[in-house]
Number of protein chains: 2
Amino acid sequence: MSQSFFHDLMNPRSIAIVGANNNPSKMGTMHALSILKDGFTGKFFAIHPTETMVLGHPAYKSPLDLPEAPDLVMFVLPSKHLLPVFEAFGKIGTRFAIVITAGFKEAGEEGARLEEQLKDTAKQCGIRFVGPNCMGIVNRDVGLNTSVSPITGPGGPLSLISQSGTYVAQTVDYLQKRGIRLGKAVSLGNEADINIIDVLEYMGEDPGTKAISMYIESVRDVGRFLDVARKITPKKPIVAQYIGGSEAGGRAGLSHTGSMAGKDYLYDGLFRQAGIMRVFSVEDLYGIGWALATQPRIRGNRIAIITNSGGPGSAIADTLDALGCKVPPFSEGLQAKIKPLIPPHAPCGNPVDLTFALDMKVMTETIPDLVLESGEVDGVIMHGAMSTGFLGAAFPHLSALMPGVTYEDMVKGTIRDLGATVRVPFKHNMPMTVSAFFDRCDQYTETYEDHNVPVFDSPEKAARAMAAMVAYQHIQEREAEAPVLKLRPADTAVRILNEAAGRSQKALDEFSAKQLLSAYGIPVSRERLARTPEEALAAASAIGFPLVVKACDPEILHKTEQGLVHLNIKDADALTKAYNAIQDAVKKSDGRPVAVLIGEMVRGEREFLAGVTWDAQFGHCLAFGVGGIFTEAFNDIRYRVAPVSEPEARAMIRDIKHPKLLSAFRKMPAVNTNALSKILAILSLLPTLHPEIREIDINPLIISGADPVAVDALVILA
Amino acid sequence: MSQSFFHDLMNPRSIAIVGANNNPSKMGTMHALSILKDGFTGKFFAIHPTETMVLGHPAYKSPLDLPEAPDLVMFVLPSKHLLPVFEAFGKIGTRFAIVITAGFKEAGEEGARLEEQLKDTAKQCGIRFVGPNCMGIVNRDVGLNTSVSPITGPGGPLSLISQSGTYVAQTVDYLQKRGIRLGKAVSLGNEADINIIDVLEYMGEDPGTKAISMYIESVRDVGRFLDVARKITPKKPIVAQYIGGSEAGGRAGLSHTGSMAGKDYLYDGLFRQAGIMRVFSVEDLYGIGWALATQPRIRGNRIAIITNSGGPGSAIADTLDALGCKVPPFSEGLQAKIKPLIPPHAPCGNPVDLTFALDMKVMTETIPDLVLESGEVDGVIMHGAMSTGFLGAAFPHLSALMPGVTYEDMVKGTIRDLGATVRVPFKHNMPMTVSAFFDRCDQYTETYEDHNVPVFDSPEKAARAMAAMVAYQHIQEREAEAPVLKLRPADTAVRILNEAAGRSQKALDEFSAKQLLSAYGIPVSRERLARTPEEALAAASAIGFPLVVKACDPEILHKTEQGLVHLNIKDADALTKAYNAIQDAVKKSDGRPVAVLIGEMVRGEREFLAGVTWDAQFGHCLAFGVGGIFTEAFNDIRYRVAPVSEPEARAMIRDIKHPKLLSAFRKMPAVNTNALSKILAILSLLPTLHPEIREIDINPLIISGADPVAVDALVILA
C-alpha cells in the first residue's frame, strides 16, 4: 500500500510555531504549550518579532534565521501577516503547515480572496497545509498535540477527522472522563489544501487506527470520497455524523466553515454505499467509534447479558432486540454451570441476573468465561460491576460507624487486581461492552476504560454499541464489489436523443423515454403511438385489451393531474371515447392532434420507483424506493451515487425501510431482485453514456408477477 | 382534590426499622443510616432481638415494647421472620410499611405463597405497604431517604416511580453528577399491595412534583392506569420507559419482578392514549423528565440557538429540525441588535455563533435576553458557556508560565455572579436547555444545574429535551376528553349473534359481520347473499356491475388465499362462471351449496384496517392503521385501549406513521377523518355491547372518494 503524503505531516521530527509568545492567555501560546508538554520529543522552534525566548526556547525573528528547516510549521498569527511568513518557510524548505488562523473564506469576500492567495502561495512554494481556520492535529504515536487543550497519556485505537474544530479541541475533558483516547485527530478547517479525503486515506492506511470517526458538514469531491471510503470499510469501520442537512443546520454550517452543506438523503445514501456507519450524535460518534476501535470483531448477533440488576438487564435485552440482535436462552448445560454461582431462584438463562450477589470476581470473570467459552453467544454485555464507586457513594454514611477510618482504608480490601477481568474480551476474542452508573470514580469503570473495554453510562448505550458491532459485521459481509456494467450507447437511444435535441426538447415524451430504456434491456410496458382513432384501434388489436390510453407529448409532464390518462379500457368503443376525450382536452398550438399512447395494462400490486437525479454537489444519483401514487406518503426512497454495480444495486434494494414488500406474501411471489438490480445498474449508467440526460424517473415500476416493468417514464434532458 | 392515602406514607412523623444493626456492611444498617443522616427530622426506632442500641438510638426487642406506634415501619429482615413482626406492628397501630425484604413472588412458588400470606396479614391488621422486594422511598420535602444510597441536599421538582429498585437506589451518584435532583422516588418492588397506579395518583396530586418519570415493566390494571394518567397529563408531564416488550426482556423482567410483561405495541398505544411521553433509555427518563420538571412551559416550536462553536450549533439545528421544531431566521431588527455584540462576520441569524468571542456575559445574558424578548422564538438552547472547566483543563499547561499560581488563583477572576445568567429562562418564562462538554467542574454547568436549568453533555441531547417540551405542549393542546358514544345494542346485531351462538359458530360469516357493523351505522359495501346462480343474477341486477364475488361461510376465514374471491366481475356470464367456480372449490360436508356473497366493487386507492383485538392483560384494544395486502409490509398500526371517544379516535388516526395518506393528494380528496373516527369509536364499543364478540377485523377499510367503507370484515366470537 502506498503511504499517504499525509503521514509525513502527522509525524514531524521538528515543528516551528508562528504566533506563540510567553503570555498564557494567547491562543498561540496555548498551542505551543501543547506541543512542548504533551510528549512530543522532536525539535521545537518559535518565530517571534521581538521576544528572544519563547516558553524557554530561543525564538527567531524570521524563518530565514532558523538553524534548519522544520518539517512542520504552525501559524497562529493574524491572517493579514500570514502570507510573507508562509512564503519564507517555503523558501527554507519546510513542506508542511497547519494554519490555525481564522479570517479566510468563512469571514466573507475579503477572506475568500486571502484564502485564494494562500492557496497560490502554498502551491508555488510546495507546502501542503491543513486549514486555515482549524484547531490543529493530534498524533499520540509521537506524543504530538497541536490543539489548545492539554492531552496527557497514551493514545488509543480510535482516530477522529473533524470539520468542526470543537470536536478536536473542546472535548478533551469530556473524552478523558469517558475513558476514550483518540490516537490521532485532525481538525480540517476550511480545507483550502488538504481535505477530508486526504486525511481519510491516511487514517485508512494507518496501522494504529482501528476505527475512524468523522464529523462531516460537507464533502466536496463525492466520487473520490466514495472510492477512498469504500476501500477502507471492509477492513476498518468508519463512523460518521453528518450535520447540515436541515435548512438551519446548513445556514449555520455555511457561515462557519465556508462550504456548502448538501442534502441529507444524499449523504445518507453516500454513507450506505461506502459502508460507513451513520450516527446522529457526537456522543455516538465517539462512543460507538471507541467500541468498534477497541473490541474484537463480532462473528454473529447472539449476545449474552450479565447483570446484577433486573431493570438494566431487561433494558439491554429490549434494546438489542429492537436493533436486530438475539439474546438466546442458554442451553441447559450452560445454565447448570452458572446456577451454583448465583443465588437460588436468580435467573441464569440469559440474562444472567446475579441479583444481590456481590462477588465481583464471579460476575466479571467466572461467568463471562463460561458464557464466552460456550459457543452459544458472540459477545457479552455486563451491567453492574462496581466497587470503589459504590463505596465512595456510601462512605458519608458508613464513616459514622467507623471512626478514624478513611475512604482509602475502607476500599483497601475491595481493590483487587483486575488484570483477568479486563482481559475477558481479548482472551476470548469476542467483544464486550460494559454499562455502569459509576464513572471513573469506580475501580471497575476506570480499569475497564484504561484497558480498552468500553464503558457506557447507561444499559441502552452499551447495547447500542454492541448492535453497532453487529452492523459492522454486516458491512464486512457485503457482497464483494464488482465493476459496473460495460454498456455501449445503443443506436436507438442515440437516435431518440438526437431527434429530441434537434427539436430543443427539455424532456422526452413517454413513448420515446420507454423506447430509450427498452434499448438497454429495461422491460417496459408494450405500447404504440396513435395519431388517429384508426391507429388507436390497430394498436389495440396488436396489444389486446384491457389497455391504458394516455396523451404522449414531451411538453405534457403531469398527465394524471390533467385527466389525460384513461385506465383499464376494455373495448373498441371505450378506446375511441378515450382517444377523443384526450384530443378534446389538449389543443396543440399547431392544430395537429396530440399523439396518444396505447399501452397494455400491466397488472401488479407492488409499485416502486427507480430513477436518476442530479445534484450540483453529488452529480447523478440513483434513486430506488416505494413508488406509485403513495410515493410521498411513504417517503421510502434510497439514493446512491451513480453509477452502481449490480451487487451494489442489490444491497440498495434491500436497504429500503419496508423491505418486506420485496418478499413473497399473500399470493404474490418474491420480487425478482436480480432483474430489479440489473435495471438499477443500467439506469445508473445512462447519464454517463448520454451526457444529454439530466434525470430519469420511472414511476411506477410495477412488479408484474415477480418481474419489474417500467409503466411510466420520464427523461429530462440537460 | 382528595388527598391520596399514599401522602401519609410519604410523610411519616416517625419510622421504625426492623433489620438494622451496627454492622456497616449490612443492608438494613445502610437503609437506617439513610433515614438518620439525610435530613429526616421525625422520630426513629430500631427493633433488634439482642442489641440495646442501634446507630446511637435505643433498640427495642419487639414492636410491643415501643413507646409509641410509628407511622411507618421498614422491614429489612429475612422473609421467613417477617410475618410475626409485621403483625405486631399492626397490633400497635402502625398503618404503613415498606418491605425491602426479597424472597417472595420473584423467588418461585414458595415465595409466592409467602407473599399471599403477607397480603392477608396486612389486610387483617390494616397496614398498607410498599414492596416486598423493593429499595425504599424518597421524599426530600421532609428529608426522607430510605434507600441504601446517601442522598444529600434538597430535592427537585422531578419525581420517579420505578418498577426497578436500581433506578432509585443505584443511580444516586449518576444523578448527582448530572445535577438532577429527585424530589420524590418510590421503588415499587412486587406491588403486593400498593401499586404503580396508587403512587402515580399521589404524584399527580403532589404540588412539589412538576413532572413524573416512570420506569415500567408491567401495568396490571390497565383501565385504572389509563384513567389516572389521563387526568394528570394535561397538567403535569409524565415520561415513561417501558421495558419487557422483547422476548428476552420479558424473560428477564418476569424473573425479577414476578409479574407479566406485555406487548410493546399495546403499551405504546396506552402511553399515547394517556398522553404519556415514551422514552427508550434511562438517560432520557431522567434527563427529559428533568427538563420538563424544571422549565417553564413552551408555547410554540420556534427555537433560538446561541453557541460559540459552529459544529454543535448546526447539530442542534439539525436535531430540532428532525424532531419538528423550527429554527427561524431572526428578523433584520433583531440581527441588528445582536451584530455589534459578536465578532464581524460571525453569524447572527439563528444560530447566533459567537465564534471566538469569549465574553460569557454577552453570550449567556445579553443575547438570550434580546432573543427571548423579541417574540420571535419560544425557547432557547445554549452551547458553550464555560469558565472554570476550560481553565481547569488548560491549567496543567498554563501553570508552567505562572509559577506559584494555583488553579484557584487562576480562576478567581473568571468566577462571576451567575445570578442573572441562571434566571434567564424564568425571567422570560420560556424554556432553556444547555449543552456543555464540561460537567460540574465548570462554574456554568454547576450553577445552571443547581438553579434548575438543565445541562446536557451533548448538543443533540439539549435539542431533544427542547423538542420534548414541544411534544408536551402538543399533549396539553389535545382535543378535550369526551365521553364515549352512548349506544344501545342493535336488534339486528343481537339477532345475528344469537343465531351464531345457536350454531356454536366461532366466527360470523362475512355477510353477517358486515350486517352487524351496518346495524351500528358503519358504512359497508352493498352486497347480497346468493345460494343459486339465479339468486346471484338477481343480486347483480340490484347492485349493478362490476361486482366482487366471494364464498361466504363462517368456517372459511382465508378466502383470498384459497382462491375464493373473484374481483371485478363485469357481466352475467362472468358472474355465473365465478359462482360455479366457488361451488366447485368448496364442498360443504352437508352437500348443500356454500353461500356466495355478491357485492359492489368499491373503488379507492387507500386501504386501511380497523379492528378490535383482545389481550389477556389489556382486554379489548382498538386497532387502526395501513391495511390491505400490504398491512404487514408497512406495519403501521396504532392501538388504543377500548372503548375510545371520537376525539380520541381522531388523535389515533393522525398518529399513524404515514399520516400523509390521510391528506389530499394527486386527485384524491382528504380522508373524511370524522367519519373514520366515528367508525373507530363505534367499533371500540362493540365488545362492551356484545360480550360475545372477542375480536373484529375490518380489512380493507377502503377510502372511496373521501369516505371509509368496510369491504371485508371478520367478527370472532368469544
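## Exercises with worked solutions

Pro132(B) lies in the loop that connects β7 and β8 (137-139) of chain B, where helices (H or I, at least four residues) and strands (E, at least two) are DSSP runs numbered from the N terminus. This is a predicted model, in which local features need pLDDT of at least 70 and side-chain atom pairs count only at pLDDT 80 or more, while totals for chains, interfaces and linings use all residues. Residues are numbered from 1 along each chain as its sequence is written, chains are lettered from A and ligands numbered from 1 in the order in which they are written, and side-chain values use heavy atoms, with hydrogens and water left out.

**Exercise 1.** Describe the peptide bond that joins Gly131(B) and Pro132(B), and then examine the peptide bond from Gly131(A) to Pro132(A).

*Solution.* Begin with chain B, where the bond joining Gly131(B) and Pro132(B) is cis, with omega about -5°. Next, turn to chain A: the bond from Gly131(A) to Pro132(A) is cis, with omega near 0°, and Pro132(A) sits in the loop between β7 (128-130) and β8 (137-139) of chain A.

**Exercise 2.** In what order do the seven strands of the open sheet of chain B stand, and which helices pack on it?

*Solution.* Begin with the order, which is β3-β4-β2-β1-β5-β6-β7 (chain B), with mixed pairing; two strands pair if DSSP finds at least two bridges between them. The edges are then taken by β3 (53-54) and β7 (128-130) of chain B, each of which pairs on one side only. Within the sheet, β2 (residues 43-47) and β4 (residues 57-60) of chain B pair in the parallel sense over two bridges, and Ile47(B) stands opposite Tyr60(B) in β4(B). Helix α2 (residues 27-37) of chain B packs on the sheet, touching β1 (14-18), β2, β4 and β5 (72-75) of chain B, and its direction makes about 165° with that of β1(B). Angles here run from 0 to 180 degrees between N-to-C directions, and axes are lines fitted to C-alpha atoms, for helices over the stretch in contact. Finally, helix α3 (residues 82-92) of chain B lies across β1, β2, β5, β6 (96-99) and β7 of chain B, at about 175° to β5(B).

**Exercise 3.** Characterise the packing of helix α12 (residues 310-322) of chain B and helix α19 (residues 459-476) of chain B.

*Solution.* Two packed helices are described by the angle between their axes and the distance between the axes. For this pair the angle is about 35° and the axes are 8 Å apart. The crossing of α12(B) and α19(B) is right-handed, since a crossing is right-handed if the near helix is turned clockwise from the far one by less than a right angle, and left-handed if anticlockwise. Next come the contacts (heavy atoms within 4.5 Å): Pro312(B), Ala315(B), Ile316(B), Thr319(B) and Leu320(B) in α12(B) meet Pro459(B), Glu460(B), Ala463(B), Arg464(B) and Met466(B) in α19(B). By class, the contact has seven nonpolar, one polar and two charged residues; Ala, Val, Leu, Ile, Met, Phe, Trp, Tyr, Cys and Pro count as nonpolar, Asp, Glu, Lys and Arg as charged, and the others, Gly among them, as polar.

**Exercise 4.** Identify the rotation and shift that superpose chain A on chain B, and say how the copies meet.

*Solution.* Two copies of a chain are related by a rotation about an axis and a shift along it. Here a rotation of 180° with 0.0 Å of shift along its axis superposes chain A on chain B, with an RMSD of 0.1 Å, which is the relation of a two-fold axis. In chain A, the C-alpha nearest the axis belongs to Phe634(A), 4.4 Å from it. The superposition is by least squares on the C-alpha atoms of residues with pLDDT of at least 70 in both copies. To finish, 100% of the interface residues of chain A are also interface residues in chain B, so the copies meet through the same surface.
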